[in-house]
Each structure stands twice: as structure tokens, then as C-alpha cells.
Amino acid sequence: MNCKEEVAEHFAFGGAKGQRARLENEGIIFEDVDEDHWAFYPITTAYRAGIVQGVSATHFSPDTEVTGEQAVKMIVAFLGYTVKAEALGGYPAGYLACAMQLELLKGVKEIGSNPITRGDMARLV
């Protein structure tokens with residue numbers, strides 16, 4: 001039986017053994033997400049995979065709400081369509097266009113610069 005931490009780590013790191021130790025050895029990326037922050041490992045992994053970005057080179061602002069545009073960007077990047085989305089115009093228009101082509105926005109009520117609702121986030125994923 002797996003505890004929540006093991007399942008979360010497996011999901012975040014794809015089961016890669018030693019990933020946590022490697023991240024610890026490479027240090028922090030964002031001043032507001034240090035190694036003691038509960039989401040340090042998922043945020044660091046997603047950043048290194050090109051799925052998320054900080055609000056600056058040194059800050060992530062982990063407690064701010066995710067907008068619809070940001071959610072679409074993360075999902076499109078996670079699915080491996082970053083190059084296509086950038087070719088379509090980059091963030092946010094290119095990512096939205098790519099999501100529309102992939103039919104990811106079916107049933108989503110509103111995607112924009114406002115915080116995304118739980119319902120729309122569930123429809124995206």
C-alpha cells in the first residue's frame with residue numbers, strides 16, 4: 001500500500017528513483033519556494049520540464065490563483081505541444097489556439113485572465 005507522499009512523488013517524478021535527492025542537490029530556484037515548502041518538488045519538477053514559470057526569475061508566487069490562460073498553458077506544455085503553441089503566437093493566444101485545435105476546451109465555460117473555476121479546471125484535465 002502506498003502512502004499519499006509516495007503516490008504524489010511517483011506522479012510528479014514519473015517513478016524516477018533519486019529525483020528528490022537530485023533536486024535537493026541542485027538547490028532552490030525560487031526564493032519563495034524553498035526546500036521546506038510543501039510543493040517544492042512538484043513546482044521544481046514542473047519548472048524544469050517547462051510546464052510552469054515563475055512570476056520573475058527569482059519568485060514563483062505559489063499562493064496566487066491560477067488563471068484560465070495559465071491552466072491552458074500548463075496543460076498544453078505538459079502534453080508536449082509547446083513548440084506548436086509558440087509557433088501559433090506564444091502565450092497566451094498561441095496556447096489557447098493550440099488547445100482549441102486539440103479540442104481541450106470542449107465544455108469549458110470561460111478561459112481568460114481571471115482565476116479558473118474548479119469546474120473548468122476539471123473539464124480541461
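The chain has seven helices and zero strands, where helices (H or I, at least four residues) and strands (E, at least two) are DSSP runs, numbered from the N terminus. This is a predicted model, in which local features need pLDDT of at least 70, side-chain atom pairs count only at pLDDT 80 or more, and totals for chains, interfaces and linings use all residues. Residues are numbered from 1 along each chain as its sequence is written, and side-chain values use heavy atoms, with hydrogens and water left out.

Let us begin with the whole chain. Read from the N terminus, its elements run α-α-α-α-α-α-α. Of its 125 residues, 31% count as buried; buried means under 20% relative accessible area, exposed over 50%, and partly exposed in between (1.4 Å probe, protein chains only). Take the contacts between residues at least 6 apart in sequence: 41% of them join residues at least 24 apart, with contact meaning heavy atoms within 4.5 Å.

### The largest pocket

Rolling a probe the size of a water molecule over the atoms shows where empty space is left. The largest pocket has a volume of about 1400 Å³. A pocket here is an open set of points on a 1 Å grid over the protein atoms alone, where a 1.4 Å probe fits, with protein on both sides within 12 Å along at least five of seven lines; lining residues have an atom within 4 Å of a point. The volume is the space filled by probe spheres set on the points, which are joined across faces, edges and corners.

### Helix H3 and its rings

The buried residues of H3 are Phe-40, Tyr-41, Ile-43, Thr-44, Thr-45 and Ala-46. The rings of Phe-40 and Tyr-41 form an edge-to-face pair because their centres are 4.9 Å apart and their planes stand at 80°. Rings of Phe, Tyr and Trp (its six-membered ring) pair if their centres lie within 6.5 Å; planes under 30 degrees apart count as stacked, over 60 as edge-to-face and the rest as tilted. Ring pairs also link Phe-30, Tyr-47 and Phe-60 into a cluster. After H3 comes Gly-50, with a positive phi near 80°.

### In the loops

The loop between H3 and H4 holds Thr-67 and also Ser-61. Ser-61 has a positive phi, near 60°, in a residue other than glycine. Leaving aside neighbours within four places in sequence, Thr-67 is in contact with Tyr-91, Gly-112, Ser-113, Asn-114, Pro-115 and Ile-116. Pro-92 sits in the loop between helix H5 (82-87) and helix H6 (93-101).

| Residue | Relative accessible area | Class |
|---|---|---|
| Phe-40 | 0% | buried |
| Tyr-41 | 11% | buried |
| Thr-67 | 12% | buried |
| Ser-61 | 24% | partly exposed |
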